[in-house]
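Please open the model in your viewer and keep the selection panel at hand.

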Amino acid sequence: MKSASPGSWSRYGPNTLRGKALALWRVCADIVWPPLCPVTGAPVSAPGELSPGAWSDVRFLDAPWCASCGMPFDYPIGKGAVCGACAAQDTPPCRISRAAFVYDEKSRRLVLMLKHAGRTDGLDVFGRWMMRAGGDALEGADALIPIPLHASRLRKRRFNQSFLLARALSLHCGLPVEPHLLARSRSTPSQGGLSAKARQRNVAGAFSVRAAMKPFVRGRRFVLVDDVHTTGATLQACARVLKRAGAEDVTAITLARVVKPVDPLK
Ligand SMILES: [Zn+2]
């Protein structure tokens with residue numbers, strides 16, 4: 001695995017006794033527990049990699065897309081074009097949102113394995129994909145901010161998948177991860193099955209900038225990181241409190257995005 005190997009080699013060196021023992025252990029581990037594709041379950045050469053059959057199941061996102069929310073268009077409309085939903089509202093606090101792939105029946109397994117099964121072997125690959133999709137959302141940014149979990153959910157899950165994704169992206173883009181600027185001050189029910197309006201109400205007032213951290217927010221440019229962009233309600237709620245605290249700019253990158261058919265000319 002790429003993320004584990006370099007650290008191990010740099011500490012022990014490939015020619016030291018310990019380095020050779022680690023290499024032997026890795027070979028044996030791959031024989032006993034061969035790395036499997038997280039989508040199809042087929043054997044792959046390294047943990048987190050996709051098998052050839054899985055590539056057709058993951059729909060990667062790329063331009064042409066809405067210049068603001070990243071909703072893909074079926075055909076190019078022109079630089080800076082936004083979708084109908086973005087055109088109908090005032091300038092959103094989260095200026096740009098980008099995602100690596102479409103969240104659907106086939107790809108959701110990739111997200112759920114990280115979020116609910118705690119499988120971290122795909123993180124290096126996810127970081128690369130998010131870096132590729134990030135593009136203009138990363139330009140000029142100062143730091144990455146993972147969407148925080150409420151303390152009660154963090155205790156239950158034991159990790160924040162958004163923090164893991166932010167850290168994986170950080171290894172590729174070089175931006176620092178700042179997980180302590182934002183707090184989830186109210187525990188919110190699951191957003192699953194809620195309409196866009198209900199999601200907005202659900203997260204209203206749920207996030208805040210920690211009082212002691214406000215000096216670190218003013219005048220800076222942030223990229224929010226989350227696992228799935230559904231309606232954007234959570235991203236906009238976080239961006240709103242950051243902008244109110246004086247952030248100069250807020251954008252977002254997620255691993256996956258729910259996509260509904262959109263005609264950009266309507
Ligand atoms: Zn849009």
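The tour begins with the whole protein.

This is a predicted model, in which local features need pLDDT of at least 70 and side-chain atom pairs count only at pLDDT 80 or more, while totals for chains, interfaces and linings use all residues. Residues are numbered from 1 along each chain as its sequence is written.

Select everything: the protein has 10 helices and 6 strands, taken as DSSP runs (H or I of at least four residues for helices, E of at least two for strands) numbered from the N terminus. Of the 266 residues, 33% are buried, that is, 20 or more other C-beta atoms, placed from the backbone, lie within 10 Å of their own.

Next, select strand S6, residues 249-257, where 9 of the 9 residues are buried, so the strand is largely enclosed by the rest of the structure.

Finally, select helices H6, residues 123-134, and H8, residues 161-173, which pack at an angle of about 65° with their axes 8 Å apart, the axes being lines fitted to C-alpha atoms over the stretch in contact, with angles running from 0 to 180 degrees between N-to-C directions. The two helices are therefore roughly perpendicular to each other, a class that covers 65 to 115 degrees.

How values were computed:
Angles under 35 degrees count as roughly parallel, over 145 as roughly antiparallel, 65 to 115 as roughly perpendicular and the rest as oblique. A residue is buried if 20 or more other C-beta atoms lie within 10 Å of its own, exposed if 12 or fewer, and partly exposed in between; C-beta atoms are placed from the backbone.
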